[in-house]
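Colleague: I am new to reading protein models. Please walk me through one.

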Amino acid sequence: MLLAAGCAPAEQPAPAASGACDPAGLPTLTAGTLTIGTDQPVYPPWYLDDDPTSGRGFESAVAYAIADRLGYAREAVTWVRVPFNAAIAPGPKTYDLNLTEFSISDERRQAVDFSSPYYDVAQAVITVEGNAFAGATTIAELKGARLGGQVGTTSYQAIVDQIAPTTAPAVYNTNDDAKLALQNGQVDALVVDLPTAFFITSAELDGGVIVGQLPAGDGVPEQFGAVLDKDSPLTGCVSEAVDALRADGTLDALEQEWLASAGAAPELR
């Protein structure tokens, strides 16, 4: 999902010294506990059954892997639900870190911190069989489509910036609302991140079709990062944990487990 697709991520915070990155030394909201935030509801393949505590789904698994790398046992992790837009608004946070498919952008960095990226993502256009735009192979062919996306996301921003349809795109509070609008014929197509596109079209839409994926803006991939409070003393440690998970192959393994089965989609030009 999520604001400013294609933005080059700003310089990552310098990793903290490993000795400072253990539960005894980390100034979390609750001593000895790591509080992780996410939206409600949350969807596959990022979280399964709207249950972030399960460790099932890519972001749930990544969250517990970060916690483990920081030295927090599973029982020392607690979860809070925070609406998507509220999670990246300025001001004190009710979480230590938040994983809800937040794309790293310079604009968002004005209000919050980001960890090192844990996933590179593409945006995709989906529709249903029989729609006039189901066979589109270029972005130009989508100019006349009625498109929709979730509010505050890079999926919505990709519609505005990359497709620039002749009709103002529809905006929805949740992907569930957007899917209902598509099923009811109120829009021709939706833009969502690629793994979500595969899940929606295979499991949640009758006759769902992936039209194709959008190219990375300016050739720079969109990247998801964990969100932390602005100037959080935890940011360096969380980034160090993410970097270690990438270096030892954990992120690749979790991506294969939870996301690779989605497959591939043609790129729209």
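Modeller: We take the sheet, then the cores. This is a predicted model, where local features need pLDDT of at least 70, side-chain atom pairs count only at pLDDT 80 or more, and totals for chains, interfaces and linings use all residues. Residues are numbered from 1 along each chain as its sequence is written, and side-chain values use heavy atoms, leaving out hydrogens and water.

Colleague: In what order do the five strands of the open sheet lie?

Modeller: Strands (E, at least two residues) and helices (H or I, at least four) are DSSP runs, numbered from the N terminus. Two strands pair if DSSP finds at least two bridges between them. Here the order is E7-E6-E8-E5-E9, with mixed pairing. Strand E7 (170-172) and strand E9 (208-213) are the edges, each pairing on one side only.

Colleague: How many bridges join E6 to E7?

Modeller: Three, and these strands run parallel. Gln150 stands opposite Tyr172 in E7.

Colleague: Which strands does helix H6 touch?

Modeller: Contact means heavy atoms within 4.5 Å. H6 (residues 194-204) packs on the sheet and touches E5, E8 and E9.

Colleague: What is a nonpolar core?

Modeller: Nonpolar side chains tend to be buried together in soluble globular proteins. A core is a set of buried Ala, Val, Leu, Ile, Met, Phe, Trp, Tyr and Cys residues joined through side-chain atoms within 4.5 Å. Buried means under 20% relative accessible area (1.4 Å probe, protein chains only).

Colleague: How many residues has the largest one?

Modeller: It has 39, and Phe58, Ile66 and Leu70 are among those with the most contacts inside it. Helix H1 gives the largest share, nine residues. Another core, of 17 residues, lies apart and includes Leu182 and Ile200.

Conventions:
Axes fitted to C-alpha atoms, helices over the stretch in contact; angles between N-to-C directions. Buried < 20%, exposed > 50% of the residue type's maximum accessible area, 1.4 Å probe, protein only.
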